[in-house]
Amino acid sequence: MDMHVHLDLYPNPLYVVEETSRRNTTTLCVTTSPRAWLATKTVLSKYNNIIIALGLHPEIASSKQKETQMILDNIVNSIFIGEIGIDGSSKYSFSFELQKSIFSKIVEKCACTGWHVMSIHSRNAVSSVLDILSNNITTNIPILHWFSGNKTQLTQAIDLGCFFSFGPAALINSNSRKLVSMIPLDRLLPESDGPFTVINQKMIMPWQAITICNYFANIHHCDIQYIHNQFIKNWDTILSKIK
Ligand SMILES: [Zn+2]
C-alpha cells in the first residue's frame, strides 16, 4: 500500500508504475495539476490497483492558477482528490492567500458533489487547513499527509474525522515520531511521498511505504502483520463510506 505518491514524477515512471502495480495491493497516486491528472489517468488506465487523484499542489498554486477552473470542473469526475492543501512556509508566503482561496474552493465544491477522499498537504498551515475543512466536512474524508501540527491541532483533526498518512522519511524526525505515536491506529495509513523523499541518499519507492509497520509494531507492542491488517482495514473503512 502507498496512499500518497507522485508516480508520474519518478525519473523512470514506467518501470516504477509496473513494479508498484505488481508489489502493492493499492496505490493512491496524487497529481500536482489537473492537466497532469488527465495525462496520468490516460497513461495509467490499465492498472486497476492504482488510483489517480485529481490535484493542484499548493507549492505551484501561482503558476497553475489558471487551472483552478479545470480542477473545479472535474471534481464531479473524481472521488479521489490530491494533492491539494496549503503550504505556509516562507518560501511560498507570496502565494499564501491564493493557496487558501484555491483550497477553499476545492473543498467547498467537493462538499456539494458527493463523497470525496482527499490527500492534503498542510505544512506550516495546519490551522488554516483545519478551519477550511471543518466548515465543509459533510461528505469529505480528509487524509492529512505528513501531518506536522501540534498536539491541540492533532486532537482537532482527529475530532474532525481526519485520517493521517505517514512514510518512512517522516519517522526519521523525532517530533514526527512523537506525533504519530499519539494518533489512533485506526486513523493511520502508509505513504511514500516519493520521489520527493530520500533515505540514505536513495529515493523511497512506493512499495517501501509499508515498512512503517515495523515502527508501529514496535511502539504498540504488537506484530507487524497486525499493523498491516489495520492499515488495510482503515482503507476499507474509507472505501465503505464512498460506496
Ligand atoms: Zn506529495
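A residue counts as buried if 20 or more other C-beta atoms lie within 10 Å of its own, and as exposed if 12 or fewer do. Keep that cut-off at hand for the exercises below, which work through a predicted model.

**Exercise 1. Decide whether S165 is buried or exposed, and find what surrounds it.**

*Solution.* Start by locating the residue: S165 sits in strand β7. Next, count its neighbours. S165 has 29 C-beta neighbours inside 10 Å, so it counts as buried. Now look at the contacts, setting aside neighbours within four places in sequence. S165 then touches M3, H4, I143, H145, L189, P190 and E191. Take E191 from that list for a closer look: its C-alpha lies 5.7 Å from that of S165, although the two are 26 residues apart in sequence.

**Exercise 2. Work out how the overall dimensions of the protein fit those of a compact globule.**

*Solution.* Begin with the inventory, which is nine helices and ten strands. For 243 residues, a compact globule would have a radius of gyration near 18 Å; the protein has 17 Å, which agrees. The C-alpha trace spans about 45 × 40 × 40 Å along its principal axes. Then turn to the interior: 45% of the 243 residues count as buried. Finally, check the sequence range of the contacts. Among contacts with a separation of 6 or more, 70% join residues 24 or more positions apart.

**Exercise 3. Find which residues of helix α8 are buried and how they are arranged around its axis.**

*Solution.* Helix α8 covers residues 212-219, and its buried residues are I212, C213 and F216. Viewed down the axis of α8, these fall within an arc of 105°, so they line one face of the helix. To see what the buried face meets, follow its packing partners: β7 (163-166), β8 (188-190) and α9 (224-242).

**Exercise 4. Repeat the analysis for helix α2: which residues are buried, and what covers them?**

*Solution.* In α2, residues 34-43, the buried positions are P34, A36, W37 and T40. They cover an arc of only 150° around the axis, which puts them on the same side of α2. The elements covering these buried residues include β2 (27-29), β3 (50-52) and α3 (68-74).

**Exercise 5. Describe how α5 packs against α4 and against α6.**

*Solution.* Two packed helices are described by the angle between their axes and the distance between the axes. Take α4 (residues 96-111) and α5 (residues 126-134) to begin with: their axes are 10 Å apart and form an angle of about 30°. That angle makes α4 roughly parallel to α5, and the crossing is right-handed. On the α4 side the contact uses K100, F103, S104 and V107, and on the α5 side S128, I132 and L133.

Now move to α6 (residues 151-160). Its axis comes within 11 Å of that of α5, and the two cross at roughly 20°. These helices are therefore roughly parallel to each other too, but α5 passes α6 in a left-handed crossing. Here α5 contributes V126, S127, L130, L133 and S134, while α6 contributes Q153, Q156, A157 and L160. Notice L133 of α5, which is listed in the contact with α4 and in the contact with α6.

Technical notes:
Residues numbered from 1 in each chain as written. Predicted model: local features only at pLDDT ≥ 70, side-chain atom pairs only at ≥ 80, totals over all residues. Helix = DSSP H or I, 4+ residues; strand = E, 2+ residues; numbered from the N terminus. Rg over C-alpha atoms; globule rule 2.2 N^0.38 Å. Contact = placed C-beta atoms within 7 Å. Arc of directions from axis to C-beta. Axes fitted to C-alpha atoms, helices over the stretch in contact; angles between N-to-C directions. Parallel < 35°, antiparallel > 145°, perpendicular 65-115°, else oblique. Left-handed = near helix turned anticlockwise from the far one by under 90°.
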